[in-house]
Structure formats: structure tokens, C-alpha cells
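Hello,

Here is the structure I promised to pass on to you. Please have a look at it first, and then read on for what turned up.

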Amino acid sequence: MDKNTKILIAEIPGEWTERLRSGGTNIWNESRSGEPHRNGLPEVRLNPPEAGLYAERIDGAWYWVSGCGKCNGTGESYSYVVCDKHNVCSLCGTHRSKITGAVWGRRDGFACAPCQTREDAAAKAEALAKVAENKYDPWDYRAQDECKCPHCATVIHIESEDYGDKQMDCETCGGLFDLVTEYSVTFTTTVIGERVTA
Ligand SMILES: [Zn+2]
Ligand SMILES: [Zn+2]
Ligand SMILES: [Zn+2]
């Protein structure tokens, strides 16, 4: 796709400004739960004439422009829409239309199941090989700053709302382990009344 693609969308008045995107579909004046948009304008839904395009208002008119990060060469690893040519597995390049079944979303697009399985196995082997360089010492996994899998030493980020004591399985090695969230005590003091001085 040409990154300079600019196709006038004749059916959308240039004065319209309320547009949102749902997948490849562009929706102007979206109505919510049967109610028309608060601006009173009719809802219009359009799909681009070609995958990878989305509607953009430029100088008071609507145009289909390229939203494919790879075509645009913006360097952005993830684009919301992708053109047909770039709708491929990031790892093996197989086109989406040739892939049956689920794909795994990645930062730079998606991976097909065989590629994902291969990559997961490689990550597991790498982590296990690295941890095998040192003798296992349970103390290496006690009171750590981060949650570290006691099988493969992969650091697992845990959001504060997910803190707690629980059983977990490691996404890297598949190992099962117990997590205990430990809190340390700190002390804060503030003066009551006037501070006592010499
Ligand atoms: Zn593209
Ligand atoms: Zn693949
Ligand atoms: Zn692990």
C-alpha cells in the first residue's frame, strides 16, 4: 500500500468530526444503546475500500489514508490496522488467510501457532539452561524485589492489585509454585505541637 494514499470519502460531510474506529470499521456519530449520538447526526459506518486504510479528517474533509505501520514506515511496531500484504505471521511470514485456527498477538503483529510454540519452547530451554548454571538455592527466591519463578528464574511482573498469596504457574517453564507476598514494616514520625529543641 502506498503510504501517501489519500482517497476522498465523498459520503461523509467534512463538517462531521465524531468518528471512532472498531477494528477496520470507521463509525461516525455512533449511536449508543439505540440512542442517536448527542450531536443529533445520523450514524454512518464504513469499511475502507482496502484493508489497512482508515478515515482521517484532513483540512475539513474525510479521506481514507494508510494506517499500516509497516507501509507507513513509521517504525511503530504495532499498528491498529494492517494492510493485506502485511497481514502475516511476524515470525514466518505466512499470510493470515493461510492460517487456520488461533494466532497469538504480539507487539509487532501476530504469530501463528507453530511459530508461537517454537518460540515458547526456545524461551523455556534458554531460561532452564541459564538457571542450571548455578546450583539451586531456595534462598535465591526468598524476599525478592520481584516475583521470580523458582524453577527457571524468570521474573514475573505482578500488578499491585494482584498481590496476595497464591499458586501460580510460570508462563515460561510451566512450573507450578507458591507465591507469598511479604510486606516489610517502615516507621514514619511527625512532630506533635512544637518541635522540642535544645
Ligand atoms: Zn502494509
Ligand atoms: Zn509463523
Ligand atoms: Zn519458570
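β2 and β3 run antiparallel and are joined by 4 bridges. Please keep in mind as you read that this is a predicted model. Within that pairing, Leu20 stands opposite Ile27 in β3.

The two strands belong to an open sheet of 3 strands, in the order β2-β3-β4, with antiparallel pairing. At its edges are β2 (19-22) and β4, each of which pairs on one side only. On average, neighbouring strands of this sheet are turned by 25° against each other, direction ignored.

Now to the backbone. Most residues other than glycine have a negative phi. Two residues are worth a look with that in mind.

One of them is Asn29, where phi is positive, near 50°, in a residue other than glycine. You will find Asn29 in the loop between β3 (25-28) and β4 (44-46). Is Asn29 buried or exposed? Asn29 counts as buried because 20 C-beta neighbours lie inside 10 Å, and the cut-off for buried is 20 or more.

Another is Ala153, which is not a glycine and yet has a positive phi of about 65°. Ala153 sits in the loop between β9 (147-148) and β10 (155-156). Around Ala153 there are 19 other C-beta atoms within 10 Å, so this residue is partly exposed.

If you open the model, you could start with Leu20 and Ile27, which stand opposite each other, and then go on to the loop that holds Asn29.

Best wishes

How values were computed:
Residues numbered from 1 in each chain as written. Chains lettered and ligands numbered in written order. Predicted model: local features only at pLDDT ≥ 70, side-chain atom pairs only at ≥ 80, totals over all residues. Buried ≥ 20, exposed ≤ 12 C-beta atoms within 10 Å, placed from the backbone. Pairing = 2+ DSSP bridges. Axes fitted to C-alpha atoms, helices over the stretch in contact; angles between N-to-C directions.
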